[in-house]
Amino acid sequence: MVIRKVGVVGCGLMGSGIAQVSAQAGFPTVVREINAGALEKGLGSIRRFLQGGVDKGKMTAESMQQTLGKLEGTTEIAKLADCDLVVEAATENLDLKRELLGALDSALKPDAIVASNTSSLSITELGTFTKRPERVLGLHFFNPVPLMKLVEVVRTVRTSDEALEAVNQWCVAIGKTVVNCGDSTGFVVNRLLVPYMLDAIRVFEQGLASRDDIDNAMKLGCGYPMGPLFLTDYVGLDTTYSIAGIMFEEFKEPRFAAPPLLKRMVLAGRRSRGVGASGSGGSRAGFRFRGGGAHPPGMAVLRALRLRSRAGRRRRIQPRDRARDRRAARRRAGILAGRVRGIRAARGAARAGRRSLRRVRRDRTGGRRERRGDRHRAPWGRRRAASRRDHSSRPPVPGRRPARSAGRRSRRSGEAVGMSTSCIT
Ligand SMILES: NC(=O)c1ccc[n+]([C@@H]2O[C@H](COP(=O)([O-])OP(=O)(O)OC[C@H]3O[C@@H](n4cnc5c(N)ncnc54)[C@H](O)[C@@H]3O)[C@@H](O)[C@H]2O)c1
């Protein structure tokens, strides 16, 4: 079987990304949401992502238009009827998915494949909500979908080879790398990752190290792109807590049990990154992220800056703000002018100082350029002064011969005794 047309159910964080990569790879893609508002929000995020690629020169405006041309939004499930593959990426709720998969089963053509993007629910159980369990499998993408290369393709004991092969080929066609695995809660990545994140919270809870040190230890010691506490904030505290509960329920192993601190943070309304995706409310504060912004810190400095500048652009500028900005600009300009004047004055004084110093030196050396070593000697030292004086040009002192010719010598050194030196000293 070859997949030619794709349906995506749910146009939230994951669904919008899946629809985008599918359309970008050239597959006609229909994305279904529960209402027009949610649909427009999801399609808007796709458009913004693509526009960002065009602005950065990563794609042309033409290929953006081609991608958008392959995308069709709908709120009607019947519009998915001719799709070969439908990827379900609706809210993580077993009852909701039961109802949705039942409705899809009735609406889709008999040989269509149904894949779920669930992170924690059993694919085998989801298959029982349809009459085609041999055509049901897991397709676990990672956030953000357009950037993350991996897809875990999950087969149950009932999934047919044909369906698995068709989905594997589609994943490669949309540019992803496939990891095939069996249906076990958390699949491969979360099975390893969730206990790691929970252990990091336990280490912090026990006071072994500060949160920054825990994250730095794993980043710098293991080369991970982000620390486990930052990652927990990014995934969302409530999401991590919920996945931990599901995995503990499945495996009954203490390493999957949510630490009391995580539970209390979630009870206190701390959600971090999870807020917004699910719209569950609560605070954006987490382990590393202190709340108050759109994202946890440090994901990438550039990204944080981009988000901040976007937020800045969105802010409506009030006339009062403009006046305040103008006043601040004038103040800054005044300070700057003052500084420039000060710098110029200081430079002028320094130049004048250097000029007067040169004058003094010239006078001292009788117009001769001063030798380098001279300035290190005592400028008006007795011996130098005596030796430099041109006695021949001086008017003779009546009754007194020039020191050297008079043969006068210092008692201490035996040198000549000059005008300023006394033979008594
Ligand atoms: N968020 C992640 O990092 C992540 C990663 C891998 C897998 N997943 C899985 O992907 C799925 C979606 O998660 P998300 O983070 O995108 O959630 P989300 O809350 O961002 O999006 C879910 C969307 O589904 C829509 N929806 C709900 N019921 C629907 C219905 N009957 N028909 C159509 N649309 C419906 C909602 O309106 C919402 O827009 C979940 O199963 C989750 O476990 C999430």
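Two strands count as paired here when DSSP finds at least two bridges between them. Helices (H or I, at least four residues) and strands (E, at least two) are themselves DSSP runs, numbered from the N terminus. With that settled, β4 and strand β5 (residues 113-116) are parallel partners joined by four bridges.

This is a predicted model, in which local features need pLDDT of at least 70 and side-chain atom pairs count only at pLDDT 80 or more, while totals for chains, interfaces and linings use all residues. Residues are numbered from 1 along each chain as its sequence is written.

## The sheet

The protein has 16 helices and eight strands. Eight strands make up an open sheet with mixed pairing, in the order β3-β2-β1-β4-β5-β6-β7-β8. Its edge strands, β3 (71-74) and β8 (177-182), each pair on one side only. Direction ignored, neighbouring strands of this sheet are turned by 25° against each other on average; such axes are lines fitted to C-alpha atoms, for helices over the stretch in contact, and angles run from 0 to 180 degrees between N-to-C directions.

| Residue | Opposite residue |
|---|---|
| Gly7 | Val86 in β4 |
| Val9 | Glu88 in β4 |
| Val8 | Val31 in β2 |
| Leu85 | Ile113 in β5 |
| Val87 | Ala115 in β5 |

From β4 the chain crosses through α4 to β5, and this β-α-β crossover is right-handed. A crossover gets that name if, with the strands pointing away from the viewer, the path from the first strand over the helix to the second runs clockwise.

In a regular strand the side chains alternate between the two faces of the sheet. On β1, Val6 and Val8 lie on one side and Gly7 and Val9 on the other, and all are buried (20 or more other C-beta atoms within 10 Å of the residue's own; 12 or fewer is exposed, in between is partly exposed, and C-beta atoms are placed from the backbone). The chain then crosses from β1 through α1 to β2, in another β-α-β crossover that is right-handed. Strand β4 (residues 85-88) points Leu85 and Val87 one way and Val86 and Glu88 the other, and all of these are buried.

α4 lies across β1, β4 and β5, running at about 170° to β4. Helix α6 (residues 161-173) touches β4, β5, β6, β7 (150-155) and β8, and its direction makes about 175° with that of β7.

## Val30 and its contacts

Val30 is found in strand β2. It counts as buried because 24 C-beta neighbours lie inside 10 Å. Leaving out residues up to four places away in sequence, Val30 touches Gly7, Glu72, Thr74, Lys79, Leu80 and Cys83, where a contact means C-beta atoms, placed from the backbone, within 7 Å. Val30 and Leu80 are 50 residues apart in sequence, yet their C-alpha atoms are 6.7 Å apart.

Across the protein, 60% of the contacts with a separation of 6 or more join residues 24 or more positions apart. Buried residues make up 31% of the 425 residues.

## Around the ligand

Of the 25 residues around the ligand, Gly10, Gly12, Leu13, Met14 and Asn143 come nearest; a residue is near a molecule if its C-beta atom, placed from the backbone, lies within 6 Å of it. α1 (13-24), α4 (94-107) and β6 (136-141) each supply at least two residues of this shell. The largest share, three residues, comes from α1. The shell divides into 12 nonpolar, 10 polar and three charged residues (nonpolar are Ala, Val, Leu, Ile, Met, Phe, Trp, Tyr, Cys and Pro, charged are Asp, Glu, Lys and Arg, and the others, Gly among them, are polar).

## Backbone details

Most residues other than glycine have a negative phi, and most peptide bonds are trans. The bond from Asn143 to Pro144 is cis, with omega near 0°, and Pro144 lies in the loop between β6 and β7.

Phe187, though not a glycine, has a positive phi of about 50°. Phe187 sits in the loop between β8 and α7 (189-205) and is buried, with 21 other C-beta atoms within 10 Å. Lys252 has a positive phi near 55° and belongs to the loop between α10 (237-251) and α11 (260-267). Lys252 is exposed, with 9 other C-beta atoms within 10 Å.

Terms used
Contact = placed C-beta atoms within 7 Å.
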